[in-house]
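Below is a short report on one protein model. Look at the sequence and structure first, then read on.

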Amino acid sequence: MEKKKFYIETFGCAMNVHDSEKVAGALIGMGYEATQSIEEAGLVLVNTCSIREKASEKVFSRLGALKKAFPGKKVGVLGCVAQQEGARFFQRAPNVHLVVGSASYNNIPHLIRELESGKNRVIDIHQDDEHCFETEVTQRVNPYRAYLTIIEGCDNVCSFCVVPHTRGPERSRPSDQVIAEVRRLVDEGYTEVQLLGQNVNSYRDPLAKYSFAQLLGTVAEVEGIRRVRFATSNPQNFVREIVDAINSHPALCNAVHLPVQSGSTSVLRRMRREYTREEYQRKVEYIKQSPRGIALSADVIVGFPGETDTEFEETLSLLETVGYQQLYSFIYSPRPNTESLAMIDDVSAEEKSRRLAFLQNRQRELQIERAKSMVGKVVEVLVDGFSVKDPNTLAGRTSTNYVVNFSGPRVLLGRYVKVRVMKSGANSLVGESIDPLFQGNTFSSPMIQTHPEGVELGGPHGN
Ligand code: SAH
Ligand code: F3S
């Protein structure tokens, strides 16, 4: 008998990407087969993001496009917009037959069975506030870096943020399960894992065995693991022990994503962030003292309600003092159910765009300056795909998360290679393999056995 096929597409952050990998695993466990072709699929799933209005709107235009191109196809909506809009999808998008919120995935097999048994509209947006989403099978799309959720949800109340409403309260996975999964990943051939959570460093081991920093150290010591990343760290819970763990475990990548949101203490207060500019800066100072040269990245929001010129300038000056290797910047987007929705937003749309462009421009200059210091250095990269500009050029990442493009044979995919940085740009570096055996392209060699191609999953938020 031919297997039932599903197609799944994902919007949003790394956690969404990984949720899709687990949903795919759950379906495969039920006898389904994944397909890359919508045409072939009996069930089309769209995993959605509602962090900003634009992301949320994309979902409806995508559903409209699916309906037009594939009329009669059964569509399921998953994720944060599913959680937020619930049954309204059935009215707004009649091709939708399944709605599953981002904190209800444990129920997926049951919901799919209901759909199979002929039920026309299946919905679950209750929030499982006790369990993380676990599956026997996980269909990972990136063959080199494995995502692994260690904590779901968020207990904070940042006034701009929809996440606590869509993903529910924090719940952490027991450390023994996390470590067992890391061991399984090594058996599958992975050497790099990325531990995920909306506030990954709020991790609280239900077994009370490890702190977050201790868990990082333990994962880093699992035999076969060469790189451990973690995202996203909330500054308020970012303790010195995390830096100390990076200092004493070479497998812990020397890269910290620490979203500041604003450089102004008064804006941070209105955002209900639990730290001041000065407290944030003190944490950064400690990170910078690390002998490993830890690279910092962050997210910022411009044009938060009431943001004055002076407050905006404080964000700009923070970028100068910290020196981020990478920055993800967004215009404030009012979201449903959030506290800031009721605040007077007196910054015009034009002014917000001007501020964002100004900030991005300045950050670009800072990145270009910073990257220049890399030229001439020899760095180790994990080769995980191809240059976005040239599919014949390999791309790898340093431990600090710099992308280095260089020429070499495909056989290097999935391997750790030493390259000398020859040129630098705002977002990536150009290098040369220092191993004479692996210089230049030998893409056509039939002797070379290749791994499946790497999939680029974007930055910490993938959007
Ligand atoms: N837990 C993380 C943030 C996760 S949300 C932290 O504590 O920082 C991912 C990013 O989306 C945030 O860092 C923020 O910069 C951005 N974001 C969230 N809500 C937003 C909104 N309403 N408007 C614009 N950007 C937003
Ligand atoms: Fe959002 Fe703040 Fe939590 S940004 S994810 S409410 S820490």
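## Helix 9 and its surroundings

Helix 9 (residues 240-248) buries I242, V243, A245 and I246. Seen down the axis of helix 9, these buried residues fall within an arc of 155 degrees, so they line one face of the helix. Buried means under 20% relative accessible area, exposed means over 50%, and partly exposed lies in between, with a 1.4 Å probe and protein chains only. Helices (H or I, at least four residues) and strands (E, at least two) are DSSP runs, numbered from the N terminus. The arc is that of the directions from the helix axis to the C-beta atoms.

This is a predicted model: local features need pLDDT of at least 70, side-chain atom pairs count only at pLDDT 80 or more, and totals for chains, interfaces and linings use all residues. Residues are numbered from 1 along each chain as its sequence is written, chains are lettered from A and ligands numbered from 1 in the order in which they are written, and side-chain values use heavy atoms, with hydrogens and water left out.

What do the buried residues of helix 9 pack against? They pack against helix 8 (212-220), strand 11 (227-231), strand 12 (255-257) and helix 11 (277-288). Contact here means heavy atoms within 4.5 Å.

K283 sits in helix 11. K283 is partly exposed, at 22% relative accessibility. Leaving aside neighbours within four places in sequence, K283 contacts P235, Q236 and F238. K283 and F238 are 45 residues apart along the chain, yet their C-alpha atoms are separated by 7.5 Å.

## Helix 5

Helix 5 (residues 108-116) has the buried residues I108, L111, I112 and L115. They cover an arc of only 100 degrees around the axis, which puts them on the same side of helix 5. An α-helix has 3.6 residues a turn, so residues three or four places apart point the same way.

The cover over the buried residues of helix 5 includes helix 1 (14-29), strand 3 (43-48), strand 4 (74-79), strand 5 (96-101) and strand 6 (122-124). Just after helix 5 comes G118, with a positive phi of about 105 degrees.

## Domains

The protein is divided into domain 1 (5-130), domain 2 (145-372) and domain 3 (378-433). These bounds come from an automatic or database domain assignment. Taken over C-alpha atoms, the centres of domain 1 and domain 2 are separated by 28 Å. Their contact takes 23 residues from domain 1 and 22 residues from domain 2.

## Strand 15

Strand 15 (residues 378-386) is mostly covered, with seven of its nine residues buried. Strand 15 pairs with strand 18 (residues 416-424) in the antiparallel sense, over five bridges. E380 has K418 of strand 18 as its bridge partner. Strand 15 also pairs with strand 16 (residues 394-397), again in the antiparallel sense, over four bridges. There, L382 has R397 of strand 16 as its bridge partner. Two strands pair if DSSP finds at least two bridges between them.

## Loop residues

Most residues other than glycine have a negative phi, and most peptide bonds are trans.

The peptide bond from A231 to T232 is cis, with omega near 0 degrees. T232 is in the loop between strand 11 and helix 9.

R173 lies in the loop between strand 9 (171-172) and helix 7 (175-187). Is R173 buried or exposed? R173 is buried, with a relative accessible area of 6%. Not counting residues up to four places away in sequence, R173 touches C132, E134, L148, T149, I150, V178, E181, Y203 and P206.

## Ligand 2

Which residues surround ligand 2? They are C154, N156, C158, F160, C161, V163, P164, N199, N234 and R273. A residue is near a molecule if one of its heavy atoms lies within 4 Å of it. By class, the shell around ligand 2 has six nonpolar, three polar and one charged residues. Ala, Val, Leu, Ile, Met, Phe, Trp, Tyr, Cys and Pro count as nonpolar, Asp, Glu, Lys and Arg as charged, and the others, Gly among them, as polar.
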